[in-house]
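Hi everyone, thanks for coming.

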Amino acid sequence: WDALGRTALVMAICVPAEFLLGLGLAILFIDNFVGKRLFYSVMLIPMMVVPAVAGYMFFMLFQSGGPVNDIVSTLIGRPFALAWLSSPGTALIAVMIADIWQWTPLMFLILLAGLVGVPEDQMRAATLLGASWSQRFRTIVMPKMKTIIIIALSIRVIENFKIFDTLYIMTGGGPGVATETISVYIYKVTQQDLIWGYVAAIALVVLIALSILVSLAISRMNAAKEA
């Protein structure tokens, strides 16, 4: 239950953060500007990095003598040497930062595709009628993007639920069990305790829970299409 709670916590913070950042970037990229193609390519790089490599990269970044502490030291004007991955209070934060960095581009890509599909004639008509940007976004863009938003959130919730590679390389579930999500817990019980029947039961429950989640998402998508 503790592992499930930590998984839910990671999900509750990472998914909304990735959605808001992805949506903000998608809105910026919907218009043409100098160097758009270059920035677009740069934006997608984190998503292309193998999770294990991303985990090792952030493991190095968050070391006591790593770049993160150096940046903080520069900003506050005095030495700062926090052991991010050795402290129960900050290890999970570091893991969530890594997850947000790597998977915000996926959210950005999906939401940008949705924004591109919004009918331009409706946007122009609303502009001519005097609607502000926020009014156009609220009354035209968001209703048209309901299906895309549900797809993006569903994908990230499911993927976030089974986060393993990055987390395991960064902390191994530690210190103690401070960053032990359900995937890491299942791995440890399987490899260390060899309680295979118990692990199979947990995996089956997780599969059923995610299947229910997908079914609900599909129902919402169908309702959004009909609306």
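By pocket I mean, on a 1 Å grid over the protein atoms alone, an open set of points where a 1.4 Å probe fits, with protein on both sides within 12 Å along at least five of seven lines; lining residues have an atom within 4 Å of a point. Its volume is the space filled by probe spheres set on the points, which are joined across faces, edges and corners.

The largest pocket holds about 430 Å³ of space. It is lined by 14 residues, and Ile30, Asp31, Leu115, Met123 and Val141 are the closest to its centre. Two or more lining residues come from each of α5 (88–116), α6 (120–128) and α7 (133–144); helices are DSSP runs of H or I, at least four residues, numbered from the N terminus.

A word on the model: it is predicted, with local features needing pLDDT of at least 70 and side-chain atom pairs pLDDT 80 or more, while totals for chains, interfaces and linings use all residues. Numbering starts from 1 along each chain as its sequence is written, and side-chain values use heavy atoms, leaving out hydrogens and water.

On to the second largest pocket, with about 280 Å³ of space. Of its 13 lining residues, Trp1, Leu4, Ile182, Tyr198 and Ile202 lie nearest the centre. Helix α11 gives the most to this lining, 6 residues.

And α11, residues 196–226, also carries leucine 216. Is leucine 216 buried or exposed? It counts as exposed because its relative accessibility is 53%, and exposed means over 50% (1.4 Å probe, protein chains only).

Notes: Buried < 20%, exposed > 50% of the residue type's maximum accessible area, 1.4 Å probe, protein only.
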